[in-house]
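Take a moment to look over the model below.

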Amino acid sequence: MSDRGYRRPRPLSPLREHLRDTFWFAPTMGFVCVFVLWLAASAVDEEIVAVLQREEAYDELGSLISFVQDAKTIVTTISSAMMTFIGVVFSISLVAVQMASGQLTPRVVRIFVRSRISKITLTVFLATFLFSLLVLTSYESEADPRLVVSVPLLQSMLTLVLVGLSLLLFVVYVSATLRLMQVGPVVDKIARDSFRVLGRMPRGPGGPEGLGPETGRVVHEGRAGVLRDVNTARLVRAARRQDVVLRLIPRIGDFVVPGTPVLAVHGGAAVPPRRLLRYTVSVGVERTLHQDLAFGLRQLSDIALRALSTSVNDPTTAVQCLDRIVQFLAAVVRLPLGTVHHRDRSGRVRLVQEGPAWEDLVDLAFEEIRWCVAGSPQVSRRLLAGLDDLLLLAPEERKQPLVRHRALLVQAVERAVPVAADREFALLPDRQGIG
């Protein structure tokens, strides 16, 4: 790999990704913002009343009190109906997500959890409910304009604005949830997420040169789980302070258990203190697309395999997955893959990380699907067309795994299809499968 295109990792990137995998952070921040908004609106309403009383504009103030009392009925209705509305909406949504996970792959639930529109909708719904309750506490029984302290005029208007925003988001949210049940939007979302990961991947020189002898190892002491991501910025700083080179032993997506070595130390006199390596490795219950370049292909392959199973038998879905698989491989066919070296500000290598090589990505994309396509001419024709397209794009040193998969596919079809005319049809490359 060349140094050109190296991207220094952003320090808060892992934290931001972890918060996106949660469903509590956005509503919590919404509660805080709503409470602040209510305090500000209450202060404005009290100031309006004070100004009108100083100017002795009691008729105008009386009109505001009458208007607000009429609006109280609406606010009361909103506060009592909002939680029921939230429960119904998200119950239906969970059923839709369950159907999508059964039809495609359980990994699509992650798309719902990370969806911005889902979190914004839930946040606004809950914020509307909380704000309406807070507004009800601002209403006074006093009707005399000379004695009233607060008239929640602005608060009532803001409640109506939040209700309108909730209705608008409800329409958008239903549309987004329905798209989650369609194959095309789901595989397109997975592909776009994979390309975002590819755009964030740092590209530095690979190879073992310059590491020096291994002087120690750091073992994993947390819970067992999948290595989701590493805080490369923190690891680079720790290695620079100790004047060593750290090498990540497992790859992103590997399952690690306590006691497993996760970091090898090269050079230096001692292993960096544990406090410097704290919160540098994130382990979770499942893989994410934050730093896992191969996870997008894994999801597309899972959807295709389920579509090709005898219980589903949906080869068109498999063809749609192959479209995106070929698109992704075509984007990385000439890019440097494999080992990545992360550098500090002075340009010295401080962290070495193993990534998937070209052969790994090709095997992940085609191996399992190829085992299932012998009886589906639509998928075999699309797979052959995809392999032929990649062979045209691939440099000479990367053609071998593509040639191998093409030869194995031809052999599998020849063994499974006894009639020569059927074999010829099944082995005819076609980008639409059977258009």
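This predicted model holds 3 cavities of 30 Å³ or more. Rolling a probe the size of a water molecule over the atoms shows where empty space is left. Here a cavity is a set of points, on a 1 Å grid over the protein atoms alone, where a 1.4 Å probe fits but cannot get out. A volume is the space filled by probe spheres set on the points, with points joined across faces, edges and corners.

The second largest cavity has a volume of about 60 Å³. Which residues line the second largest cavity? They are I65, V68, Q69, Y139, E140, E142, V148, S150, V151 and P152, where lining means having an atom within 4 Å of a point. The lining divides into 6 nonpolar, 2 polar and 2 charged residues. Nonpolar covers Ala, Val, Leu, Ile, Met, Phe, Trp, Tyr, Cys and Pro; charged covers Asp, Glu, Lys and Arg; the others, Gly among them, are polar.

Now the record. An unreviewed UniProt entry places "transmembrane region" at residues 21-41, 74-97, 117-137 and 157-176; such annotations may be inferred rather than shown by experiment. Residues 21-41 are 81% helix and 0% strand. Residues 117-137 are 95% helix, and their end C-alpha atoms lie 30 Å apart. Helices (H or I, at least four residues) and strands (E, at least two) are DSSP runs, numbered from the N terminus.

Last, the helix pair. Helix α9 (residues 295-308) packs against helix α11 (residues 358-370) at about 5°, with axes 9 Å apart. That makes α9 roughly parallel to α11, a label for angles under 35 degrees. Axes are lines fitted to C-alpha atoms over the stretch in contact, and angles run from 0 to 180 degrees between N-to-C directions.

Residues are numbered from 1 along each chain as its sequence is written. Local features need pLDDT of at least 70, side-chain atom pairs count only at pLDDT 80 or more, and totals for chains, interfaces and linings use all residues, while side-chain values use heavy atoms, leaving out hydrogens and water.

Notes
Angles under 35 degrees count as roughly parallel, over 145 as roughly antiparallel, 65 to 115 as roughly perpendicular and the rest as oblique. On a 1 Å grid over the protein atoms alone, a cavity is a set of points where a 1.4 Å probe fits but cannot get out, and a pocket is an open set with protein on both sides within 12 Å along at least five of seven lines; lining residues have an atom within 4 Å of a point.
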